[in-house]
Each structure stands twice: as structure tokens, then as C-alpha cells.
Amino acid sequence: MNEGTLKSKVVVTSCRKIEGKHVTVGGADLAINGEFAISGLIVVRRDTGLAVKFPWRVEEKKGGEKEYLDVCYPLSLEARQAVSSLVIQEFETKYGEGLAT
């Protein structure tokens, strides 16, 4: 496997609020290095505050069982924490910090 030396610059390109009393409170899209986009991140309310879920899809298996498959996701805890913090910070700046409760 070849590994590049790409240093990632991640930018939140879109941040939107979902109204109502739901666990899901918003969504966001990202751009990485101005060359790669990730759409469909979801901001959810948890007991510990806001959290970010990465895009997934549902695949129906034989017998009607559903399997949830990740579409894209960070490969390290550090990357997950960095992206989640960036999205939550952008969301709270735009819509207020009171959404965490």
C-alpha cells in the first residue's frame, strides 16, 4: 500500500439545524483540503452533550434483516475527535450552546 503525505485541512461547508424535540438536532457537510467532500454528518443530542455521527447506509439482507454500513468514517480516534469537535464548535457557534441539554 502506498501512503501519501497529505496533511488535511478540514472545513465545515454547511451546518443546519433540525427543529423539534428529536435526538437528531442538525446536520453538517465537510470539505477536506478543498478537494474531497463528505455530506450527511448528523449532530445528535446525548446525555453528555452533542455528538457527531458519520454517514451510513442501510442494506437489506435476505430474510428482511437490515444491516447498517458505514459510508465513510475516521480511521483513528484522534481524527474522529478532531472532526467531531470542529463540527460541534461550528454548530454551537451558529445555533447556540443550549442545544446540548
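This is a predicted model: local features need pLDDT of at least 70, side-chain atom pairs count only at pLDDT 80 or more; totals for chains, interfaces and linings use all residues.

Me: What does Lys-61 form a salt bridge with?

Reply: Its partner is Glu-67, and the closest N and O atoms are 3.8 Å apart. Glu-67 is partly exposed too, with a relative accessible area of 30%.

Me: How many salt bridges does the structure hold?

Reply: Four. One of them joins the side chains of Asp-29 and Arg-16, at 3.3 Å from N to O. That pair links distant parts of the chain, with Asp-29 in strand S2 and Arg-16 in strand S1, 13 residues apart.

Me: Is Asp-29 buried or exposed?

Reply: Buried, because its relative accessibility is 15% and the cut-off for buried is under 20%. Arg-16, at 34%, counts as partly exposed.

Me: OK, new topic. Which residues have the most contacts inside the largest nonpolar core?

Reply: Leu-30, Leu-41 and Val-87, in a core of 16 residues. The elements giving two or more residues to this core are strands S1, S2, S3 and S4, plus H1.

Me: And what does Leu-41 touch, skipping residues up to four places away in sequence?

Reply: Its contacts include Leu-30, Val-52, Phe-54 and Val-87.

Me: Last one: where does Ser-84 lie?

Reply: In helix H1, which covers residues 77-95. Ser-84 counts as buried, at 12% relative accessibility. Leaving aside neighbours within four places in sequence, Ser-84 is in contact with Val-52 and Phe-54.

Technical notes. Residues are numbered from 1 along each chain as its sequence is written. Side-chain values use heavy atoms; hydrogens and water are left out. Helices (H or I, at least four residues) and strands (E, at least two) are DSSP runs, numbered from the N terminus. Buried means under 20% relative accessible area, exposed over 50%, partly exposed in between (1.4 Å probe, protein chains only). Contact means heavy atoms within 4.5 Å. A nonpolar core is a set of buried Ala, Val, Leu, Ile, Met, Phe, Trp, Tyr and Cys residues joined through side-chain atoms within 4.5 Å.
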